[in-house]
Amino acid sequence: MSETKKRVVILGGGTAGWIAANLMAKHWEQEAFEITLVESPNIGIIGVGEGSTPPLKVFLDLIGCKEEEWMPACNATYKVGIRFNDWSIKPGYESYFHPFYSKTDDHTIPAFFHNSFLIRQGVDLDGLPDHFFLGVELAKQKKAPLPAENFPFETSYGYHFDSNLLGQYLAKVAASRGVKYKKATVCEVVLKENGDVSHLLTDEGESIGGDLFVDSSGFKGQIIQQALKVPFISCVQSLFNDSAVVLPTDQVDEPNCQTTSTAMKNGWRWDIPLTNRTGNGYVYSSSFCDADAAETELRTTLNLLDSDVEARHLKFKVGRVQEHWVRNCLAVGLSQGFIEPLEATALDMVQETVVRFIEAYDKGQHTEQSRKDFNSRISHRFDAVRDYITAHFRIVSRTDTEYWRACGSNDKISASLYSILSSWMQGKNITQELEQQQLDAYFPNISWNCLLAGKGIYPDKSQLRKGNELAHKYKTTDINKFIKACALNYPTQADVLKRYTR
Ligand SMILES: Cc1cc2nc3c(=O)[nH]c(=O)nc-3n(C[C@H](O)[C@H](O)[C@H](O)COP(=O)(O)OP(=O)(O)OC[C@H]3O[C@@H](n4cnc5c(N)ncnc54)[C@H](O)[C@@H]3O)c2cc1C
């Protein structure tokens, strides 16, 4: 190896490690970097991150993965948004959809904003997000978000995939870009006198030295949390869930392009359709429900009480490290933190962390100030996601169990979230509030509006009055006709996936 090569050592071969390896190998392909990923043969990956947000497509496009190749290899399907069932007991709001953005939505968003604002001024209008966005119709018709060539309006989308298979796929792509792979269990992180990481020691006595270390070792954060002792800031006071039980079921004939999140007694469960199976998981709080009760509730819901399919039980901690880039170590993935999986935001955080780090690193100013700016940017993003997810639980109208009563009355929410909720309740436009606090850094204004409107945080129907003609200027029938006509330009997901496997 040439003396001048910078050695990057990535600890961990979960999705986070492989995303980091690919982004770094791609960005620094013309530069003198040697990237090695170390993964233990004995410690498995978490293997449950199966839903994404739209930025994953940007990553896969960037590293040259074609949908027709990687999707069948990972049993993947398209995702145009998330349907939330049974979170609200308010009549008319028992189910709503949080869609990814489509360019055609620009024509219907003004109507949604207009109606949802006026309902809060007391006018009886239609304010359910489901009636205003193309993504909802695509999901209803099980269509793939790939418009015909003569319909030049882009639709953002994410994916559902088998995370084990995606990891293996990304490993191959990384290898083709020169990333080295080492199977070894690291038993010690050795620091230099000045506190930087010097090398990793494996249980076979091998020493792996590097200039830059990426900690993707999962929840335990072997370098960032254990060796460098960076404090972990828990957010369990605002987000109670810390456990999950996972059970697959058979695939459905025509998989849908939506994730479904259904409220349960002590949490919620996901339903993620892949081409070979459906992923199901119940995310719950162990303070309110034990593992056996959670498994039984999930089995009952899925009609698997008599089945011998084994369930997987997982524990997780919610929160983030105080700093993500410390000395010559960058934490990426579960080692840097995790906000519970309700909106499938974790991989996006991985991507953002690595991309912003590369930007900062390339500038060459490894000063305290540049690290500070980077850390505060990534932490702010974490906190913005935390607020959005916390809002899901705080505004819930279910009161049927102790868990939901505790969620709905939790006063340990952040000041930023408190201001947004107050602003909405007072009938104000929340745009300014979001911008002021930069809370739209991750979830844009439209997502916040969908969340609050979708859960029916409106005055009760009995308090609403008819309103004048101007208030009723947008006709739901016209909007519906427009959306249905747009949807005609999209193929079914089944047809697209069939084409990929031919
Ligand atoms: C219940 C649940 C549901 C989730 N759902 C989603 C979702 O829908 N969407 C989403 O984006 N994210 C989701 N996530 C998060 C997602 O699973 C993770 O962000 C993602 O899988 C990345 O994990 P990771 O690579 O950081 O860690 P892991 O997958 O845990 O990988 C850790 C790696 O480190 C290695 N390692 C650890 N210690 C050592 C050692 N001493 N020596 C050598 N190697 C070592 C292991 O071998 C492994 O390769 C979910 C998480 C949970 C808990």
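Does Glu 340 count as buried or exposed? The model in which this is to be judged is a predicted one. Glu 340 has its place in the loop between strand S22 (337–338) and helix H9. Its relative accessibility is 1%, and since buried means under 20% relative accessible area, Glu 340 counts as buried.

The surroundings of Glu 340 can be described in some detail. Apart from neighbours within four places in sequence, Glu 340 is in contact with Asn 241, Trp 268, Val 283, Phe 316, Val 318, Ile 389 and Phe 393. Two of these residues also take part in polar contacts: the side chain of Glu 340 makes one with the side chain of Asn 241 at 2.7 Å, and another with the side chain of Trp 268 at 2.9 Å. Between Glu 340 and Val 385, the C-alpha to C-alpha distance is 9.6 Å, although 45 residues separate them in sequence.

The ligand comes next. It is surrounded by 34 residues, and the closest are Gly 13, Ile 43, Gly 51, Val 186 and Gln 222. By class, this shell consists of 17 nonpolar, 14 polar and 3 charged residues. The side chain of Lys 220 places an N or O atom 2.9 Å from a nitrogen atom of the ligand. Leu 334 takes part through its backbone, where an N or O atom is 2.9 Å from a ligand oxygen atom. On its own the ligand has 1000 Å² of accessible area, of which the protein covers 97%. Helix H1 (15–27) and helix H9 (346–363) are the elements that give two or more residues to the shell.

After H2 comes Gly 64, with a positive phi near 85 degrees.

H3 also packs against the buried residues of helix H16, as does strand S3. In H16 (residues 493–501), the buried residues are Gln 493, Ala 494, Val 496, Leu 497 and Tyr 500. Their directions fall within an arc of 165 degrees when seen down the helix axis, so they line one face of H16.

The loop between H3 and strand S3 (77–79) contains Asn 75. This residue is not a glycine, yet its phi is positive, near 50 degrees. Asn 75 is buried, with a relative accessible area of 15%. Asn 303 likewise has a positive phi in a residue other than glycine, here near 65 degrees. It is placed in the loop between helix H8 (291–302) and strand S18 (312–315). Is Asn 303 buried or exposed? Its relative accessibility is 71%, and Asn 303 therefore counts as exposed.

Ser 238 lies in the loop between strand S12 (232–234) and strand S13 (243–246), and is buried at a relative accessible area of 12%. Not counting residues up to four places away in sequence, Ser 238 touches Arg 386, Thr 390, Asn 410 and Lys 412. Thr 401 is located in the loop between helix H10 (368–394) and helix H11 (402–408), and counts as buried at 13% relative accessibility. With neighbours within four places in sequence left aside, Thr 401 is in contact with Lys 265 and Asn 266. Thr 401 and Phe 288 are 113 residues apart along the chain, and their C-alpha atoms are separated by 9.3 Å.

How values were computed: Residues are numbered from 1 along each chain as its sequence is written. This is a predicted model: local features need pLDDT of at least 70, side-chain atom pairs count only at pLDDT 80 or more; totals for chains, interfaces and linings use all residues. Side-chain values use heavy atoms; hydrogens and water are left out. A residue is near a molecule or strand if one of its heavy atoms lies within 4 Å of it. A polar contact is a pair of N or O atoms within 3.5 Å; within protein, one must be able to donate a hydrogen and the other to accept it, and residues adjacent in sequence count only if both atoms are side-chain atoms. Accessible areas come from the Shrake-Rupley method with a 1.4 Å probe; for residues, only the protein chains shown count as cover. Helices (H or I, at least four residues) and strands (E, at least two) are DSSP runs, numbered from the N terminus. Ala, Val, Leu, Ile, Met, Phe, Trp, Tyr, Cys and Pro count as nonpolar, Asp, Glu, Lys and Arg as charged, and the others, Gly among them, as polar. Buried means under 20% relative accessible area, exposed over 50%, partly exposed in between (1.4 Å probe, protein chains only). Contact means heavy atoms within 4.5 Å. The arc is that of the directions from the helix axis to the C-beta atoms.
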